[in-house]
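Please look at the chain shown below, and then work through the questions that follow.

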Amino acid sequence: MKNIKNTADMWQGCWISSDQATVSDEPDFDLADMFAGKKQKFVPVEKRLHPVVYFKKTFIANKYIKKASLQITAQGIYQAYMNGRKVTSAIFTPDYTNYNKFLQYQMYDITDKLIEGLNVFCVQVADGWYAGRISVQGGSTQFGNQLALLADIIIEYQNGKKEIIGTNHSFTSGEGKHCYADIEIGEKQDLRISDNWLKDSKKLVEPVIEIKADYSRLVPQTGPLVHCQQPLASKKIWQEDSSLIIDFGQVIAGRVRLTANFAYNQKIVLKHSESLG
C-alpha cells in the first residue's frame, strides 16, 4: 500500500487529548463470576461514564481556495464538523479493528465546506470500541483509556501554495450536550445545551495536551464506511402504561428519529429491543 502515513513526520498534526478524555475502568468481573450468577455492585451510569470529549480549532483560510481535504483518525470514535456542517455522513469512524496493530485514518474532500476567512473545525470523540464497554462481561478500555484525536486539514490554493493545519496545543477542548455515549450502554444527551459551539468563534474552556501514541499502526481506510442505508417508517404504535411501543416490523440496525412536543425539562428514554415471533 503506497503513501501510508504511518510515521510522525508524515503528519503536520500530533495526537491530542485532554485531562477530561480518560475513560474509567469497569470493576473486574470475570466470566466465571458472571455465569455463576454473581452480581456487581450497582453504580449509576453517570458515575461510570464520562461526557463525550469536544475538540475545537478556528483558523483563517485565504482567498482562492482550489481544494481542501481532511485526514483524520481517533482513539475512540469521532464525528467531525467544519463550520457547523458534518464532514461526512459516515458513522462509527474510524471503524472497529485491533487498534494496537491496525488503526485506520480517513480522508474527506471538504472543499465545499471551507470558506475564505474564519473557519471553525470541531470534532466529537466518544469511547467507541477503543475504550467502550464491549466485552462479554462489560469490561472497558480494551485498547487503552486515553481518547485522542489526530488530524490534518490540507488546503491547496490556486497559486500553487499549500497550507496544512494539524492538531496541536492550539486546539481547545470541552464538553456539552453529550453526557455520555457508549456502544453497548447507549448515550444520554441534554438537549437544553446549545450546539452553537460548532459554528461560533469562541474557544472551548479546557486546554488540550499533546500525547505520545503509536503512528506505525496507521493505515488508510481499506473498506467501505458505514452509512445510513434507508429510512424506515414504523408499522405500528401503541401505548402500554406510560410508554409508547413502536414496531418497525423487522429486525434492524438503526437509530430512531423522533419528532414530538414535550414540556421543558421533560426526560425522554428510548429503549431498543427485538422480538421474534
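Q: What percentage of the 277 residues in the chain is buried?
A: This is a predicted model, in which local features need pLDDT of at least 70 and side-chain atom pairs count only at pLDDT 80 or more, while totals for chains, interfaces and linings use all residues. Residues are numbered from 1 along each chain as its sequence is written, and side-chain values use heavy atoms, with hydrogens and water left out. Buried means under 20% relative accessible area, exposed over 50% and partly exposed in between, with a 1.4 Å probe and protein chains only. By that criterion, the buried share of the chain is 40%.

Q: How many residues of strand β6 are buried?
A: Strands are DSSP runs of E with at least two residues, and helices are runs of H or I with at least four, numbered from the N terminus. Strand β6 covers residues 103–109 and is mostly covered, the buried residues among its 7 being 5.

Q: Which residue in β6 does S69 stand opposite?
A: Two strands pair if DSSP finds at least two bridges between them, and strand β3 (residues 65–75) is joined to β6 by 4 bridges, running antiparallel. In β6, the residue opposite S69 is D109.

Q: Which residue in β15 stands opposite L103?
A: Strand β15 (residues 218–220) pairs with β6 over 3 bridges in the parallel sense. Opposite L103, the residue in β15 is L218.
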